[in-house]
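These are my notebook entries on a structure that I was asked to look through. I record what I looked up, topic by topic.

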Amino acid sequence: MQEPTSLLYLRHGSLALGIFPPYTRKQIKVLMVKKMKEEIVQNLRNVYDPEITTVNVYDLGLIYDIDIDEKEKTVNITATLTSAFCPFADQIVESIQRAGYAKNVLNVNVEITFTPPFTMDMVPQETKDIMGW
């Protein structure tokens with residue numbers, strides 16, 4: 001079992017987190033990745049499909065996965081579009097990519113997939129309730 005590190009402080013943006021009791025380095029990495037993912041999700045909540053301006057791409061269910069490789073400082077986002085023929089596909093992908101650049105991220109890759117294809121069943125229930133769908 002790995003020994004806990006002594007009093008460590010994480011710096012994430014301007015937020016300093018005092019960690020008590022001390023965590024192992026592995027646990028600290030998990031916390032840092034979690035914070036990074038939260039920042040990316042927050043960024044994605046500011047990305048909209050120009051044809052659906054009432055719900056962002058994250059809450060619409062268009063983001064399938066966010067994978068963070070902390071060692072390589074790379075984020076891989078798997079997403080879909082509401083239609084394979086979306087006239088705003090390039091704009092949406094570019095916006096998703098920009099949203100992936102959280103603090104300390106050097107590379108963001110966006111993979112668009114249509115497997116599974118987007119359906120209204122993929123919209124989270126909370127979003128449906130808010131939108132009255």
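The entries below go from the conventions to the core, the sheet, the helices and a few single residues.

**Conventions.** I worked on a predicted model, in which local features need pLDDT of at least 70, side-chain atom pairs count only at pLDDT 80 or more, and totals for chains, interfaces and linings use all residues. Residues are numbered from 1 along each chain as its sequence is written, and side-chain values use heavy atoms, with hydrogens and water left out.

**Core.** I looked up the largest nonpolar core and found 26 residues in it. The term stands for a set of buried Ala, Val, Leu, Ile, Met, Phe, Trp, Tyr and Cys residues joined through side-chain atoms within 4.5 Å. I use buried for under 20% relative accessible area, exposed for over 50%, and partly exposed for what lies in between (1.4 Å probe, protein chains only). The members that touch the most other members are I40, L44, V57, I63, I66, V75 and I96. At least two core residues come from each of α1 (25-44), α2 (57-60), β5 (63-69), β6 (74-79) and α3 (89-99). Helices (H or I, at least four residues) and strands (E, at least two) are DSSP runs, numbered from the N terminus.

I then listed the contacts of I66, where contact means heavy atoms within 4.5 Å. Not counting residues up to four places away in sequence, I66 touches K37, I40, V41, L44, Y58, V75 and N76.

**Sheet.** I traced an open sheet of three strands in the order β5-β6-β7, with mixed pairing. Two strands pair if DSSP finds at least two bridges between them. β5 and β7 (107-112) are the edge strands with a single partner strand each, so one side of each has no neighbour in the sheet. On average, neighbouring strands are turned by 15° against each other, direction ignored. β6 and β7 run parallel and are joined by six bridges.

α1 touches β5 and β6, and its direction makes about 140° with that of β5. α3 touches β5, β6 and β7, at about 145° to the direction of β7. For these angles, axes are lines fitted to C-alpha atoms (for helices over the stretch in contact), and angles run from 0 to 180 degrees between N-to-C directions.

**Helix α3.** Which residues of α3 are buried? I found A89, I92, S95, I96 and A99. Seen down the helix axis, these residues fall within an arc of 135°, so they line one face of α3. The arc is that of the directions from the helix axis to the C-beta atoms. On the face turned away from the buried side I found the exposed residues D90 and R98. The cover over the buried residues includes α1, β3 (48-49), α2, β5, β6 and β7.

I checked A99 separately: its relative accessible area is 5%. A99 touches I40, N43, L44 and V47, leaving out residues up to four places away in sequence.

**Y64 and P116.** Y64 lies in strand β5 and is partly exposed, at 25% relative accessible area. Beyond its neighbours within four places in sequence, the contacts of Y64 include T113, T115, P116, P117, F118 and M122. I also noted that the side chain of Y64 reaches the backbone oxygen of P116 at 2.6 Å. P116 is in the loop between β7 and α4 (125-131), and the peptide bond from T115 to P116 is cis, with omega near 0°.

**Backbone exceptions.** Most residues other than glycine have a negative phi, and most peptide bonds are trans. K73, in the loop between β5 and β6, has a positive phi of about 55° although it is not a glycine. K73 is partly exposed, with a relative accessible area of 37%. N104, in the loop between α3 and β7, has a phi near 75°. N104 is also partly exposed, at 46%.

**Helix α4.** My last entry concerns T127, which is in helix α4 and buried, with a relative accessible area of 8%. Apart from neighbours within four places in sequence, T127 is in contact with V55 and D59.

Technical notes:
A polar contact is a pair of N or O atoms within 3.5 Å; within protein, one must be able to donate a hydrogen and the other to accept it, and residues adjacent in sequence count only if both atoms are side-chain atoms.
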